[in-house]
Amino acid sequence: PSDLTYKGLTIQELTEINKDQTIEDVYKLSPLQQGLYYHWLSSSSSFMYLEQISYRILSNDIHIDKLHEAYDKLVSRHAVLRTSFTNAYAGIPLQVVRKTASSNFFYEKVSNTLDKDEQEKYVETVKIKDREQGFDLESGSQMRLKIIEINSGEYEFIWSHHHIIMDGWCMSILINDFYQLINSIELPKPSKYSEYIKWINKVNDRDSLDYWKSYLEGYDTAVKIPYSIPTESRSYIENKEELIIEPDVYDQISKLCSQTGVTVNTFIQGVWGYLLSRYNDKEDVVFGTIVSGRPGDLRGVETMIGMFSNTIPVRITSRDETPLSLLEKIHKSGIEGNSHHYLSLGSIQSESELGMSLINHIMIFENYPVQEVIKNDVNSGQSIQDSTIEAVDFFDQSNYDFNIVILPNPDSLRIKIRYNSLKYSEEGIRRIVEHMQIMIEQFINNSDQKLTTLNYLSEKESQELVSDNNATDVDYSVSDLVSGFEDIAKSHSD
């Protein structure tokens with residue numbers, strides 16, 4: 001019948017979509033995907049939200065044909081790697097899963113006439129060009145694997161994908177599957193991302209919108225990051241500053257978190273939230289953070305490949321708090337909001353008084369073990385015999401000019417500030433890093449003291465601000481003010 005529809009599509013629309021290839025599935029975008037798709041539609045040439053992971057393998061047991069075959073199987077295994085997006089049917093954005101799709105596998109051998117430095121420059125150029133290539137979300141697979149043979153037994157693996165199909169946690173699952181497939185190991189049937197879309201369709205959005213409305217009620221002034229540079233430029237030139245939390249300090253953080261029942265992520269949120277409140281001279285601040293977004297009541301979600309991670313606001317009110325009580329409050333708030341993390345940031349911001357101005361920077365706690373998975377799978381010899389792995393490199397770019405990235409290690413912690421050098425000064429960002437280190441130590445050593453007693457300034461900066469910049473004493477050689485005035489009047493009679 002002419003009025004028959006399937007998932008909101010008429011037979012004519014389905015026929016149009018299916019004119020070239022056979023469709024496996026058609027379903028709506030998640031709220032998170034809708035935001036990313038909008039950004040791509042508005043600027044499809046940008047490599048915003050493109051993610052790239054690369055690593056070097058040293059091995060004499062690499063067989064390119066075998067790797068190509070395993071990658072083809074990986075694309076056949078996971079529906080998101082055969083997904084394209086369209087805005088042309090049913091009046092809503094859709095994702096279309098093809099039964100087959102180009103695997104986007106590429107192999108290249110670097111000329112042996114290049115010296116070592118030239119080879120490294122060439123590999124870096126390949127990475128940059130690959131990012132600049134971007135992805136056409138309306139066709140093909142949204143992932144590529146490029147293998148560059150640099151010398152005999154030395155290979156660079158470059159994985160690139162658009163963030164719309166999956167989050168960072170998924171890369172560890174995909175790479176693990178890839179090396180299992182190289183060994184022809186039979187893998188269990190994967191859970192489909194479409195199951196998550198079905199879950200979303202059953203959720204009552206109104207309850208979640210009401211939650212965020214209440215959570216953000218009364219917040220009407222956005223925070224500012226200090227040391228900004230006045231500019232009208234919309235360009236982005238990334239720079240980085242890094243803080244290493246050494247094992248002895250990290251051990252104290254871990255003990256405090258264990259005693260309080262909070263995570264290290266919550267600890268850093270508390271430190272940054274209070275430092276932000278001091279910078280802005282207000283006891284109520286909001287910043288963004290990335291959450292996994294995977295609903296605990298969805299079966300198989302832990303191993304599901306798809307886009308789940310989300311940016312949500314974190315609101316920290318520090319009035320009359322100690323570090324301990326603040327951390328406990330942040331932890332409790334995080335648990336209460338967990339079931340509402342699936343909503344897009346745009347929907348959440350629409351419930352606040354500030355709208356799109358609510359968040360101007362984010363904190364990212366990278367707890368997905370991509371690097372460990374790569375090293376474990378390759379170095380174990382399970383996949384490629386007699387191999388070793390060298391540096392793992394990551395690239396991704398958010399649409400925020402200031403980002404705090406937390407990278408936990410087994411016995412230490414790296415805090416990386418990635419920022420737009422056109423918007424913030426290098427010296428200023430270094431001061432922020434120094435302030436964070438001091439505030440971390442203050443939280444550890446004064447966990448039961450009022451936050452208002454804590455100081456984030458170093459002795460040197462305190463001396464500079466309080467004493468040096470305030471040195472206004474003048475040595476007057478006159479006996480009284482009147483005679484001194486008369487002397488000046490005579491010497492400057494005009």
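In which helix is the place of Val126? Select helix H4, residues 116-133: Val126 is there. Before going on, note that this is a predicted model, where local features need pLDDT of at least 70, side-chain atom pairs count only at pLDDT 80 or more, and totals for chains, interfaces and linings use all residues. Residues are numbered from 1 along each chain as its sequence is written, and side-chain values use heavy atoms, with hydrogens and water left out.

**Stop 1: the whole chain**

Show the protein chain as a cartoon. Its secondary structure comes to 15 helices and 16 strands. These are DSSP runs, numbered from the N terminus: helices are H or I with at least four residues, strands are E with at least two. Of the 494 residues, 50% count as buried. Buried means under 20% relative accessible area, exposed means over 50%, and partly exposed is in between (1.4 Å probe, protein chains only). Now look at contacts, meaning heavy atoms within 4.5 Å. Among contacts between residues at least 6 apart in sequence, 76% join residues at least 24 apart.

**Stop 2: Val126**

Return to Val126. It is buried, with a relative accessible area of 11%. Not counting residues up to four places away in sequence, Val126 touches Glu108, Lys146, Ile148 and Ile158. Pick Ile148 and draw a distance. The C-alpha atoms of Val126 and Ile148 are separated by 8.9 Å, and the two residues are 22 apart along the chain.

**Stop 3: the nonpolar cores**

A nonpolar core is a set of buried Ala, Val, Leu, Ile, Met, Phe, Trp, Tyr and Cys residues joined through side-chain atoms within 4.5 Å. Select Phe157, Trp159, Phe178, Phe267, Trp272 and Ile440. Of the 123 residues in the largest core, these touch the most other members. A second, separate core has six residues, including Val110, Val123, Val126 and Ile158.

**Stop 4: Phe178**

Zoom to Phe178 in helix H5. Is Phe178 buried or exposed? At 0% relative accessibility, it counts as buried. Leaving aside neighbours within four places in sequence, Phe178 is in contact with Leu67, Ala70, Tyr71, Leu74, Leu145, Phe157 and Trp159. Phe178 and Lys73 are 105 residues apart in sequence, yet 8.4 Å apart in space, C-alpha to C-alpha.

**Stop 5: H3 against H5**

Select H3 (residues 64-77) and H5 (residues 168-182). They pack at an angle of about 130 degrees, with axes 9 Å apart. Axes are lines fitted to C-alpha atoms, for helices over the stretch in contact, and angles run from 0 to 180 degrees between N-to-C directions. The angle makes H3 oblique to H5. Under 35 degrees counts as roughly parallel, over 145 as roughly antiparallel, 65 to 115 as roughly perpendicular, and the rest as oblique.

H3 passes H5 in a right-handed crossing. A crossing is left-handed if the near helix is turned anticlockwise from the far one by less than a right angle, and right-handed if clockwise. Show side chains where they meet: Lys66, Leu67, Ala70, Tyr71, Lys73, Leu74 and Arg77 in H3, and Leu174, Asp177, Phe178, Leu181 and Ile182 in H5. By class, this contact has eight nonpolar, no polar and four charged residues. Ala, Val, Leu, Ile, Met, Phe, Trp, Tyr, Cys and Pro count as nonpolar, Asp, Glu, Lys and Arg as charged, and the others, Gly among them, as polar.

**Stop 6: H13 and its partners**

Select H9 (residues 264-280) and H13 (residues 426-445). They pack at about 120 degrees, with axes 10 Å apart. Their crossing is right-handed. Residues making the contact include Phe267 and Trp272 of H9 and Ile440 of H13. The contact of H9 with H13 has 13 nonpolar, two polar and no charged residues.

H8 and H13 pack at about 50 degrees, with axes 10 Å apart. That makes H8 oblique to H13. H8 passes H13 in a left-handed crossing. Val249, Gln252, Ile253 and Leu256 in H8 meet Ile440, Phe443, Ile444 and Asn445 in H13.

**Stop 7: two loop residues**

Most residues other than glycine have a negative phi. Select Asn104, in the loop between strands E6 (94-98) and E7 (105-109). Its phi is positive, near 55 degrees. At 17% relative accessibility, Asn104 counts as buried.

Finish at Asp320, in the loop between strand E12 (310-317) and helix H10 (323-337). Asp320 has a positive phi of about 60 degrees. At 60% relative accessibility, Asp320 counts as exposed.
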